[in-house]
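Student: I would like to learn how to read a helix, a pocket and a few single residues in a model. Where should we start?

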Amino acid sequence: MEGKLKLYGFNNLTKSLSFNIYDICYAKTPREQQDYIKYIDSQYNSERLTKIMFKLTEMIGAQVLSVSKQDYDPQGASVTLLIAEEAAVASGHKKPLGNTVVKQVGDTVLAHLDKSHVTVHTYPEFHPETSIATFRVDIDVATCGEITPLKTLDYLIGMFDSDIITMDYRVRGFTRDLSGKKLFMDHDITSIQNFIDKKTIDKYDTVDVNVYQANLFHTKMLIKELDLKNYLFNTDIYEIPPKTRLEIHDNLRKEMIEIFSGVNVF
C-alpha cells in the first residue's frame with residue numbers, strides 16, 4: 001500500500017515474528033564441550049541478549065517499558081521486554097483504546113500497547129555420539145498497531161552465527177479505513193525474503209511456505225557453504241587426518257539437513 005494509511009480509530013492489527021537460528025559446532029572432548037558452553041555463556045548471556053533486544057526495539061520505533069532477564073545454570077539465558085508504541089490522540093479521550101493502557105500527560109495521551117513484547121531464549125546442547133554441539137536461539141517479537149518487526153531481520157541474522165534460520169510471520173485481526181472498510185493487512189508482503197538483504201539470501205538455500213489468505217508467512221534457510229575450520233572448537237584443522245575431516249564434515253552437514261528438514265533423515 002502506498003503512503004501512510006488513514007484509519008478510523010486505532011490500528012488493531014497484531015504482527016508476530018518468530019525468528020529461530022541454529023549454530024552448529026564440533027567439540028569432541030568433554031573439556032572442549034565445557035569450553036564451548038563457557039563460550040556460549042560469555043557470548044550469549046542475558047546481558048548481551050538484552051542489548052540486542054534494545055537495539056531491535058529501537059529499530060521498530062518502539063519503547064521499552066520493562067525488562068526481565070535470567071541466566072541459567074548450567075547453561076542458557078532468557079530475556080523478555082515489554083514494549084510500547086507511543087500514540088498521540090485527542091486530549092479528550094479518557095478510555096483505553098484497544099489493547100492499551102492510557103496515560104494522561106499534559107495535553108497529550110500516550111497509549112502504551114500492553115500486548116507488545118520481545119522475548120529471547122537460548123538452548124545449547126550436544127549430540128551424544130558425533131560430538132556435534134548445536135546452539136539454538138528463539139526470538140519472538142509481537143507488536144500491535146503500525147510498527148512491524150520485519151525490518152529487523154538483517155540485524156538479527158548478523159548478530160548470530162546462523163547455519164539454519166526459520167522464520168514465521170503472521171498478521172492477525174483487522175483495522176478500518178476512514179470509510180469503515182476492513183483492512184486485514186497494512187503493508188505489502190509476498191515473502192519474508194522481501195525484507196532480507198539479497199547478499200544474505202545468496203548465502204543460503206531458502207524455502208517458503210506461505211498461506212496468503214491467512215496472512216501467514218514461513219521461510220527457512222540453510223547455509224550453502226560449509227568451511228570446516230569455522231566449525232571446529234579449539235581444534236586445529238591441520239591436526240585432523242583428511243579422512244576424519246571428511247567424516248566430521250559429513251556429520252555436520254547431516255545435522256544441518258535434519259534440522260532444516262525437521263525430520264530424522266539419516
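Tutor: Start with helix 2, whose buried residues are S46, L49, T50, I52, M53, L56 and T57. Down the axis of helix 2, these residues fall within an arc of 160°, so they line one face of the helix. Keep in mind throughout that this is a predicted model.

Student: What do the buried residues of helix 2 pack against?

Tutor: Their partners are strand 2 (63–71), strand 3 (77–84), strand 7 (117–126), strand 8 (132–144) and helix 3 (153–159).

Student: How does the span of helix 2 agree with its number of residues?

Tutor: Helix 2 covers residues 46–59, and at 1.5 Å a residue its 14 residues should span 20 Å. The C-alpha atoms at its ends are 20 Å apart, which agrees.

Student: What is found at the start of helix 2, and what comes just after it?

Tutor: At the start, a side-chain oxygen of N45 comes to within 3.1 Å of the backbone nitrogen of E47. Just after the helix, G61 has a positive phi of about 75°.

Student: Which residues have a positive phi although they are not glycine?

Tutor: Most residues other than glycine have a negative phi, and most peptide bonds are trans. Here S131 has a positive phi of about 65°, and N215 has one of about 50°. S131 sits in the loop between strand 7 and strand 8, while N215 sits in the loop between strand 12 (204–211) and strand 13 (216–223).

Student: Are S131 and N215 buried or exposed?

Tutor: The cut-off for buried is under 20% relative accessible area. S131 is buried, with a value of 13%, and N215 is buried, with 14%.

Student: Where is T148 found, and with which residues is T148 in contact?

Tutor: T148 is in the loop between strand 8 and helix 3, and it is buried, with a relative accessible area of 15%. Leaving aside neighbours within four places in sequence, T148 is in contact with K15, I60, T143, Y169 and H187. With Y169 there is a polar contact of 3.1 Å between the side chains. T148 and T14 are 134 residues apart along the chain, yet their C-alpha atoms are separated by 8.9 Å.

Student: How much space lies in the largest pocket?

Tutor: Rolling a probe the size of a water molecule over the atoms shows where empty space is left. The largest pocket holds about 410 Å³ of space. Of the 19 residues that line it, D23, D161, D163, N230 and Y231 are the closest to its centre. Strand 1 (14–26) and helix 1 (30–43) each supply at least two lining residues; the largest share, three residues, comes from strand 1.

Student: How many helices and strands does the protein have?

Tutor: There are five helices and 13 strands. Of the 266 residues of the protein, 44% count as buried.

Definitions and conventions: Residues numbered from 1 in each chain as written. Predicted model: local features only at pLDDT ≥ 70, side-chain atom pairs only at ≥ 80, totals over all residues. Heavy atoms only, no water. Helix = DSSP H or I, 4+ residues; strand = E, 2+ residues; numbered from the N terminus. Expected span 1.5 Å × (residues − 1). Buried < 20%, exposed > 50% of the residue type's maximum accessible area, 1.4 Å probe, protein only. Arc of directions from axis to C-beta. Contact = heavy atoms within 4.5 Å. Polar contact = N/O pair within 3.5 Å; in protein donor to acceptor, adjacent residues only side chain to side chain. 1 Å grid on protein atoms, 1.4 Å probe; cavity = no way out; pocket = protein on both sides within 12 Å on 5 of 7 lines; lining within 4 Å. Points joined across faces, edges and corners; volume = space filled by probe spheres on them.
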